[in-house]
Amino acid sequence: LAAPSALWWLAVRFVLAVVGIGAVALIAALVRVQCTTSSIHRTAAIIGAVFFSIQTTVLDGIVWPMLF
């Protein structure tokens, strides 16, 4: 890891991008699901997914690879 190759760098970027896309897809799935229980649980799940998505798309997908 001291001197990563171009292939290794691309692989890491690809995996982090896929995780970020998956996090955004999770938000979309939570927004579309029909909830039969209290809406507070659905709202809490969406808020949590948004924070997770911010962490995975911005920090893991953009900031961390620049430092790698």
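How many helices and strands does the protein have? There are 2 helices and 0 strands, where helices (H or I, at least four residues) and strands (E, at least two) are DSSP runs numbered from the N terminus. With a radius of gyration of 16 Å, well over the 11 Å that the globule rule gives for 68 residues, the protein is more spread out than a compact globule. That radius is taken over C-alpha atoms, and the globule rule is 2.2 Å times the number of residues to the power 0.38.

This is a predicted model, in which local features need pLDDT of at least 70 and side-chain atom pairs count only at pLDDT 80 or more, while totals for chains, interfaces and linings use all residues. Residues are numbered from 1 along each chain as its sequence is written, and side-chain values use heavy atoms, with hydrogens and water left out.

**Overall build**
- Along the principal axes, the C-alpha atoms of the protein fill a box of roughly 50 × 15 × 15 Å.
- Of the 68 residues, 16% are buried; buried means under 20% relative accessible area, exposed means over 50%, and partly exposed lies in between (1.4 Å probe, protein chains only).
- Among contacts with a separation of 6 or more, 62% join residues 24 or more positions apart, a contact being heavy atoms within 4.5 Å.

**Surface**
- The protein exposes about 5,000 Å², and carbon and sulfur atoms supply 77% of that area; accessible areas come from the Shrake-Rupley method with a 1.4 Å probe, and for residues only the protein chains shown count as cover.
- A nonpolar surface patch of about 960 Å² is built from Ile 47, Val 50, Phe 51, Ile 54, Val 58, Leu 59, Ile 62, Val 63, Met 66 and Leu 67.
- Patches take residues with over 30% relative accessible area and no salt bridge, joining like charges within 9 Å and nonpolar side chains (Val, Leu, Ile, Met, Phe, Trp, Tyr) within 5 Å; a salt bridge is a side-chain nitrogen of Lys or Arg within 4 Å of a carboxyl oxygen of Asp or Glu.
- Leu 67, in helix H2 (residues 39–67), counts as exposed because its relative accessibility is 71%.
- Ile 62 also belongs to helix H2 and is partly exposed at 47%; its C-alpha atom is 9.9 Å from that of Gly 20, 42 residues away along the chain.

- Ser 53 sits in helix H2 and is buried, at 7% relative accessibility.
- Beyond residues up to four places away in sequence, Ser 53 touches Ala 23, Val 24, Ile 27 and Val 58.
- Thr 56, also in helix H2, is buried with a relative accessible area of 2%.
- Leaving aside neighbours within four places, Thr 56 contacts Leu 16, Val 19, Gly 20, Ala 23 and Gly 61.
- Thr 56 and Trp 9 are 47 residues apart in sequence and 17 Å apart, C-alpha to C-alpha.
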